[in-house]
Amino acid sequence: QAQLVESGGGLVQGGGSLRLSCAASGRTFSSYTMGWFRQAPGKEREFVAAISWRGSRTYYADSVKGRFTISRDNAKNTLYLQLNSLKHADTAVYYCAAKLSGALYSDSSPEDGYDYWGQGTQVTVSS
């Protein structure tokens, strides 16, 4: 059974960095678009970043552009999210997701097409 498992979350001071990983198992996700989403307490889940199956194209939410970097290693079936210059507003549960087809990013329906989701990893940034 296909599964995505996030890791790397934790508590960090404002301005600090974290690296999240998303390990895929049960199938090869090298042909899938992969994305990161997050959900803060009391808020809806929101898009963070996406990467094409080859890793040649990326897309970021404005709120994280220039601070976060999405990458993937298809040989390891693993997705990454480097989080730098963290702010208290970045505190959330971070989820990775995968979809086989569709646009890299859809402004109207950012979660459309994502068939596989991880269970999430908590990132807490102290102010």
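Let's start with Arg45, which is partly exposed at a relative accessible area of 30% (buried means under 20%, exposed over 50%, partly exposed in between, using a 1.4 Å probe and protein chains only). This is a predicted model, where local features need pLDDT of at least 70, side-chain atom pairs count only at pLDDT 80 or more, and totals for chains, interfaces and linings use all residues. Residues are numbered from 1 along each chain as its sequence is written, and side-chain values use heavy atoms, leaving out hydrogens and water.

So who does Arg45 pair with? Its salt-bridge partner is Glu111, with the closest N and O atoms 3.0 Å apart (a salt bridge is a side-chain nitrogen of Lys or Arg within 4 Å of a carboxyl oxygen of Asp or Glu). Glu111 is partly exposed too, with a relative accessible area of 28%. Side chains of opposite charge can pair when their charged atoms come close.

Now look at Asp90, which counts as buried at 1% relative accessibility. Arg67 forms a salt bridge with Asp90, the closest N and O atoms being 2.7 Å apart, and Arg67 is buried as well, at 11%. Arg38 also bridges to Asp90, at 2.9 Å between the closest N and O atoms, and Arg38 is buried. Together with Glu46, these residues Arg38, Arg67 and Asp90 are linked in a network of salt bridges. The structure holds five salt bridges.

Finally, find the open sheet of four strands, ordered β1-β3-β8-β7 with antiparallel pairing. Strands are DSSP runs (E, at least two residues), numbered from the N terminus, and two of them pair if DSSP finds at least two bridges between them. Five bridges join β1 to β3, and Leu4 stands opposite Ala24 in β3.
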